[in-house]
Amino acid sequence: MNRNFSKNLASFSGPDQARLLLDGNWGLEKESQRITNSGDLALTGHPAVFGNKLTNPHITTDFAESQIELITPPFRNIEDTYRALETLQAEVEAGIGPELLWPLSMPPRLPAEEDIPIAVFPDTLEGREKAVYRRGLALRYGKKMQMISGIHYNFSFGPEMMDYLFRVFGKGRSKRDFADELYFAVARNFFRYRWLLIYLFGASPSVDVSYDSVIANQLRAVAACCPGQFAESFHTMMDYPRYTTSLRVSSFGYAGPVPENGGISSYLKSLADYIKVLRGLLGTKSQTHSKLGIYQKGVQMQLNDNVLQKESEFYSPIRPKQILNSGETQLEAIEQRGVKYLEVRILDLNPFESLGINMEELYFLQVFMLFCLFETGGPLSKAEYDQANRNHQLVSLLGRRPGLKLFDFRQGPILLQDWGRQLFFKLGQIADLLDKAVGAGQYQASVNAEFQKINDISLLPSARIQREMEQGHLSFLEFGLHRAAVHRGESHRVMTQTV
């Protein structure tokens with residue numbers, strides 16, 4: 001692509017080219033905890049009605065036995081993807097009986113660590129590997145942190161769109177090399193600007209008291225490794241209900257950073273660099289993990305004592321992916337056949353939506369991914385990588401604080417709202433092209449709705465959650481139970497009307 005947003009956008013100004021912007025593939029993955037009507041984690045097994053969790057491609061478990069994961073196949077439009085998720089959730093709600101699906105990303109009331117059941121798998125080679133991997137996650141990070149849930153948004157360009165991009169911008173490269181470079185360019189811009197999605201969609205400003213031990217442990221870790229940052233971190237956490245947008249993606253949630261190792265900041269430079277960095281992390285022993293032991297009392301507790309047990313332990317906000325053949329690892333597949341799609345991993349469950357997300361948000365994400373395609377931006381320097389991560393943390397923990405400043409490498413320190421307005425000017429131009437292509441106004445409507453959150457912090461889902469809790473004098477648990485009951489009632493009415 002050109003190093004100029006306007007020129008890139010102009011390449012799609014004609015009606016035939018604008019229609020290509022709709023050519024893509026979309027999929028969704030949604031994690032939810034099963035709970036009892038008292039708000040406790042359901043300690044029952046994965047419902048037998050859903051079959052073998054190793055062979056059911058659409059309804060399975062994630063880390064815990066209670067953690068249902070719904071996986072849609074990819075579709076050629078986002079509306080069909082949403083309907084598929086709706087169908088899967090209706091099937092799950094019918095299959096879990098009196099239990100409820102917890103509507104928030106941060107977990108419900110959790111039992112003691114030792115009483116949280118890790119997902120159980122059949123006694124096969126694959127099943128044993130999955131079980132040991134989860135025991136390793138529990139040993140390394142604790143079970144409670146692994147109980148956090150969210151939504152993954154999978155996106156790829158369609159064949160016609162990719163053919164056009166290759167004809168216009170792919171001179172001197174093979175089509176596969178061009179596609180890989182294109183996806184990594186999109187991923188780098190996503191990495192730079194992901195703070196905007198955390199601000200707009202962050203919906204985990206609070207936690208149940210049963211999660212407080214995780215926060216305390218993280219604060220102790222910060223105090224031990226970085227004494228100079230401890231006072232600031234402690235103060236931030238004591239104030240988090242006032243300003244937090246997403247604890248889930250903060251350093252106190254699921255997305256704690258992988259330690260700097262082997263030039264990790266270069267992992268989005270190219271496919272070759274991505275493979276090199278991950279192989280380095282997979283092949284480097286960790287002193288911390290080694291001390292935990294691979295075996296305890298004759299039971300294998302980790303797959304290995306390396307920095308990463310396997311590549312899925314690499315908690316990047318966005319990951320390049322490839323469809324797997326039988327017996328392949330994700331790293332082998334992407335090395336053999338290149339990038340097939342991108343997986344966005346920073347979306348919280350929206351407790352005000354029965355599916356955790358709505359169509360307006362999905363239209364906005366479609367616009368945002370095209371922005372990441374059109375926006376200028378070369379490789380990430382180490383300094384820019386670190387600053388993008390700092391912006392991520394600032395917005396996740398302090399995103400609702402008036403006067404919050406981020407750092408843009410082209411402009412320097414800048415108010416979040418000022419930077420947001422600049423980005424929305426470009427997002428609006430893309431939405432206009434999409435609306436002309438479909439002959440409707442849903443894309444500009446989605447951009448306009450999200451833009452209101454730049455001007456009015458009270459519209460953010462994180463602010464709405466805190467406001468409802470405060471006005472109703474509700475604890476985190478009571479708020480979650482209320483929303484879960486509302487969603488279950490809505491789903492029941494929809495299923496009844498359908499029948």
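Reader: Which residue stands opposite Pro320?
Author: Leu342 in strand E9 does. This is a predicted model, where local features need pLDDT of at least 70 and side-chain atom pairs count only at pLDDT 80 or more, while totals for chains, interfaces and linings use all residues. Residues are numbered from 1 along each chain as its sequence is written, and side-chain values use heavy atoms, without hydrogens and water.

Reader: What makes E8 and E9 a pair?
Author: Strands are DSSP runs (E, at least two residues), numbered from the N terminus, as are helices (H or I, at least four). Two strands pair if DSSP finds at least two bridges between them. E8 (residues 318–321) and E9 (residues 341–347) have 4 bridges, in the antiparallel sense, so they count as paired.

Reader: Why is Phe424 called buried?
Author: Buried means under 20% relative accessible area, exposed over 50%, and partly exposed in between (1.4 Å probe, protein chains only). Phe424 has 5% relative accessibility, so it counts as buried. Phe424 sits in helix H16 (residues 416–438).

Reader: Which residues does Phe424 touch?
Author: Leaving aside residues up to four places away in sequence, its contacts include Leu196, Phe364 and Ile454. Contact means heavy atoms within 4.5 Å. Leu196 lies 228 residues away along the chain, yet the two C-alpha atoms are separated by 10.0 Å.

Reader: How do you know that the chain is as compact as a globular protein of its length?
Author: The chain holds 19 helices and 11 strands. Its radius of gyration is 22 Å, close to the 23 Å from the globule rule for 499 residues, so it is that compact. The radius is taken over C-alpha atoms, and the rule is 2.2 Å times the number of residues to the power 0.38.
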